[in-house]
Amino acid sequence: MDHVDKIIEQWRLERPDLDTRPMALIGRLGRIRAHLSREMEKTFAAHGLNAANFDMLATLRRSGAPYRLSPGALMNTTMVSSGTMTNRIDQLEKAGLVERRKNPEDGRSVDIQLTPKGFALIDGALADHCNTQKKLVEGLSDEDFSALDAIMVRLLARFEGTGQD
């Protein structure tokens, strides 16, 4: 019996009229997410990053050469407000990990580009991040991994409208 089972049992005693199966599933997903996040944050911290900065640098890195995106494109990918984005860019720029560059197609706007230092940092952090994630799911058999992934794809599609359900 895990922590969530104890909560569900309490609700069954207090409110037997309610279907608490969704509460159990969502509760477990939340607890798993918290455990996963804590472990991944340790990896980011080992590289002097947090999840938000890792996400920004990784977004630039996976965009391909020249590893440059507009602030708007970064905002859309990372789903943060413009004020938050500006703050993150400022922090990364101060650290020498990104730089603002004039947009070659529109000199009135700027793009955000990885510096060589930022490129090297994110490549190392990404390798460690992938290793951390692999360790976090190593208890799953290949079949369980595939089944869980397929279920999560269907569930996520309901929220994001990707047509997978």
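Predicted model: local features only at pLDDT ≥ 70, side-chain atom pairs only at ≥ 80, totals over all residues.
Residues are numbered from 1 along each chain as its sequence is written, and side-chain values use heavy atoms, with hydrogens and water left out.

**Annotated region**

The UniProt record, an unreviewed entry, places the feature "domain: HTH marR-type" at residues 22–157. Such positions are given in the numbering used here, with shortened feature names, and annotations may be inferred rather than shown by experiment. Over residues 22–157 the chain is 70% helix and 12% strand, and the end C-alpha atoms are 17 Å apart. Helices (H or I, at least four residues) and strands (E, at least two) are DSSP runs, numbered from the N terminus.

An open sheet is formed by 3 strands in the order 1-3-2, with antiparallel pairing. Its edge strands are strand 1 (68–69) and strand 2 (98–103), each of which pairs on one side only. Two strands pair if DSSP finds at least two bridges between them. Strand 1 is joined to strand 3 (residues 106–114) by 2 bridges, and here Arg68 stands opposite Gln113 in strand 3. Strand 2 and strand 3 pair over 6 bridges, also in the antiparallel sense, and a hairpin of 2 residues joins strand 2 to strand 3. Within strand 3, Val110 stands opposite Lys102, and Ile112 is the bridge partner of Arg100.

Two helices lie across these strands. Helix 3 (residues 51–62) lies across strand 1, strand 2 and strand 3, at about 105 degrees to strand 3. Helix 4 (residues 71–78) lies across strand 1 and strand 3, at about 50 degrees to strand 3.

**Helix packing**

Axes are lines fitted to C-alpha atoms, for helices over the stretch in contact, and angles run from 0 to 180 degrees between N-to-C directions. Contact means heavy atoms within 4.5 Å.

| Helix pair | Angle | Axes apart |
|---|---|---|
| Helix 2 (residues 21–46) and helix 6 (residues 116–136) | about 150 degrees | 9 Å |
| Helix 3 and helix 4 | about 115 degrees | 10 Å |

Helix 2 and helix 6 are therefore roughly antiparallel to each other. The contact is made by Leu36, Glu39, Met40, Thr43 and Phe44 of helix 2 and by Ala125, Asp128, His129, Thr132, Gln133 and Leu136 of helix 6. By class, this contact of helix 2 with helix 6 has 5 nonpolar, 4 polar and 2 charged residues.

Helix 3 and helix 4 are therefore roughly perpendicular to each other. Asp55, Met56, Thr59, Leu60 and Arg62 of helix 3 meet Leu74, Thr77 and Thr78 of helix 4. These residues divide into 3 nonpolar, 3 polar and 2 charged.

Angles under 35 degrees count as roughly parallel, over 145 as roughly antiparallel, 65 to 115 as roughly perpendicular and the rest as oblique. Ala, Val, Leu, Ile, Met, Phe, Trp, Tyr, Cys and Pro count as nonpolar, Asp, Glu, Lys and Arg as charged, and the others, Gly among them, as polar.
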